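Hi everyone, thanks for coming. Please have a look at the sequence and the model on the screen, and then we will walk through a few places together.

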Amino acid sequence: MTPPTAPEPKQSHQNFDRAARGVMAKLSGGVSNHAFIEAWSDWAQHMARSPGRQLELMEHAQRNALKLLASVTDRDAQPPFAPKPYDHRFTHPDWQKPPFQMWQQGFLAMQDWWDHATEPMRGLCREDAERARFLARQTLDLVAPSNFPWLNPEIIEATRDTGGRNLTEGMTRFSHDMLKTLSGHHDPPAKGFEIGKDLACTQGQVVFRNDLFELIQYAPQTEQVQAEPILIVPAWIMKYYILDLSPHNSMVRYLVDQGFTVFMISWCNPTAAQAELSLEDYRKRGVLAALEAVCAIVPDVPVHAVGYCLGGTMLAITAATMARDGDTRLGSITLMAAQVDFVEAGELLMFLDESQIAFLEDLMWEQGYLDRPQMARAFAAIRSEDLIYTRNVQRYFLGREDLPSDIGVWNADTTRMPARMHSQYLRALFLENRLTAGRFAVEGRVIALKDIAVPLFVVGTETDHIAPWQSVYKTRLFTDCDLTFVLTKGGHNGGILSEPGHKGRHYRISHRPKGALYTGSDTWLAQNAPKPGSWWLEWAEWLKTRIDTAVPAPQMGAPGKGYPPLMAAPGSYVFQP
């Protein structure tokens, strides 16, 4: 009798598969090709069985060709195609002269045709239509005439005027950037943009530190301060000092000058040793630990919490959990460019599916975190015509160095994302949208945003491609408390940095009383006219009306309670490479 054989273990070579996919993910920049193939296949199959749509596109191509022919034969005619508002590749005046205008118009005509070709079709998945459009745009951007020295009049002019020096200097910069990318080395900030001296330079002290964050308490600038403190929770995908940038546009400095006592979380930059940090760690050992410290230093008063980007999402989760558990330490909540619902999460969500998340998980399993260049490339691809191609033409073909700026230094100072936390965030929030679906559990019990009873101040930005304002606006749909919503000019970062005196700024604002009926975003936009100026003034006034008490400035830290000043701001975590 043959002895029974032991059952073959399932997934016995799973680690080998994960390692192989991790290597592929590194080579592809963390992008799975499954979504690309699926999108093109879905689009092509629906197009193949839509003869009417094919005829329509043929007619559109014919009209575009006739427009091009008319513009070539009649030099006085207005160019029929115009670049998109955010496309700065064709700003040089010689693009309006032959033969460059013909090349530019030909490219824009092709771009226009593909925009029509990738519009939604009956039966075509909406996500696949958006993916197909994104892929078509990326392919066209790669072959745009502005990318080629012999087709770009600005490059030709610079080469003629400098005797080719622009190309040799550009090659030097290209070699430098390539070596920097391969080695992972970061250039030091330019002169005048030193962290702790020129940026992140508001005076304060680190009053608490654990392995996850440092808590900064900023020094008072007035003899009397508002009685209730502010705790700011920034995103951990970037360094905190976007909110304490230069002295003239520092939100922290503005708040301190207005008499507020401000605390700021400065997150660590995780290493492979911290791969197991979880969302719960960021909530419990991050936001709640910071709140406990603030309440010890400024006792017996509510805390006004502020969350930016992912920090705002985490703050909303924390606040809903506190409301469920009867914790009343919060006096108000401000959410800046922060989403709680991810159905309309912008172009970052476009290629996020099970295949993509598994691919990223295998990449992070291999290295323990999602690295900085991998995230930076994803953000740049969303506006590739400006953030990739225009910049590269400037550096490598025109020989122009990037002008240093405070936000440019911060933007280059990226951080890593711990593997476990990033996987949980992508799955629970982006992919499954559990928070607003009533399926997000904290400590084994589901939480609900409707439980939040304290006043909310929610800020969206008009041109945000990371957290679209319509998505941020939906906070009104999932809460019943007193809520003020502001829509401000600018993008994800620039709209938040809207200091008083900033030229050309405007905002819209409205107040929704507790329990009021919901108004859709389009209706809201039509009902609220823009106001000139900075939304910071409205926000400071909103905070003051909820505090309305001035007291002597508190001491720095609370040594007797275990929160002694440890070192001067900006602390040590902000310098972690």
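Let me start with a question: where is the place of G494? G494 sits in the loop between β13 and β14 (506-512). A word on those labels: helices (H or I, at least four residues) and strands (E, at least two) are DSSP runs, numbered from the N terminus.

Before we go on, some ground rules. This is a predicted model, where local features need pLDDT of at least 70 and side-chain atom pairs count only at pLDDT 80 or more, while totals for chains, interfaces and linings use all residues. Residues are numbered from 1 along each chain as its sequence is written, and side-chain values use heavy atoms, with hydrogens and water left out.

Back to G494, which is partly exposed, with a relative accessible area of 25%. In this talk, buried means under 20% relative accessible area, exposed means over 50%, and partly exposed is in between (1.4 Å probe, protein chains only). In sequence, G494 and D464 are 30 residues apart, and in space their C-alpha atoms are 9.3 Å apart. D325 belongs to the loop between α10 (310-324) and β7 (330-336), and it counts as partly exposed, at 41% relative accessibility.

You can find R416 in the loop between α14 (406-412) and β9 (417-418). Is R416 buried or exposed? R416 is buried, at a relative accessible area of 9%. Its side chain reaches the backbone oxygen of P270 at 2.5 Å, and a polar atom of the R416 side chain lies 2.9 Å from the backbone oxygen of P577.

The other one is K474, in the loop between α17 (469-473) and β13 (483-488). K474 counts as buried, at 13% relative accessibility. Which side chain does the side chain of K474 make a polar contact with? That partner is D341, at 2.8 Å. A polar contact here is a pair of N or O atoms within 3.5 Å; within protein, one must be able to donate a hydrogen and the other to accept it, and residues adjacent in sequence count only if both atoms are side-chain atoms.

Let's turn to a helix. Helix α19 covers residues 535-547, which makes 13 residues, and from its first C-alpha to its last it reaches 19 Å, close to the 18 Å expected at 1.5 Å a residue. That expected span is 1.5 Å times one less than the number of residues. The buried residues in α19 are W535, W536, W539, A540, W542, L543 and I547. Seen down the axis of α19, these buried residues fall within an arc of 160°, so they line one face of the helix. The arc is taken from the directions from the helix axis to the C-beta atoms. At the N-terminal end, S534 caps α19, with a side-chain oxygen 3.0 Å from the backbone nitrogen of W536. After α19 comes D548, whose phi is positive, near 55°.

Positive phi turns up elsewhere too. A200 is not a glycine, yet its phi is positive, at about 50°. A200 is in the loop between α7 (165-183) and β1 (204-209), and at 1% relative accessibility it counts as buried. D300, also not a glycine, has a positive phi of about 70°. D300 is placed in the loop between α9 (279-297) and β6 (303-308), and it counts as exposed, at 80% relative accessibility.

While we are on the backbone, look at the peptide bond from P98 to P99: it is cis, with omega near -5°. A cis peptide bond also joins A569 and P570, with omega about 10°.

Last stop, the space inside. What lines the largest cavity? A316, I333, L335, V340, L449, I452, L456, T475 and T479 do, and about 40 Å³ of space lies in that cavity. A cavity, on a 1 Å grid over the protein atoms alone, is a set of points where a 1.4 Å probe fits but cannot get out, and lining residues have an atom within 4 Å of a point. Grid points are joined across faces, edges and corners, and a volume is the space filled by probe spheres set on the points.

Note on methods:
1 Å grid on protein atoms, 1.4 Å probe; cavity = no way out; pocket = protein on both sides within 12 Å on 5 of 7 lines; lining within 4 Å.
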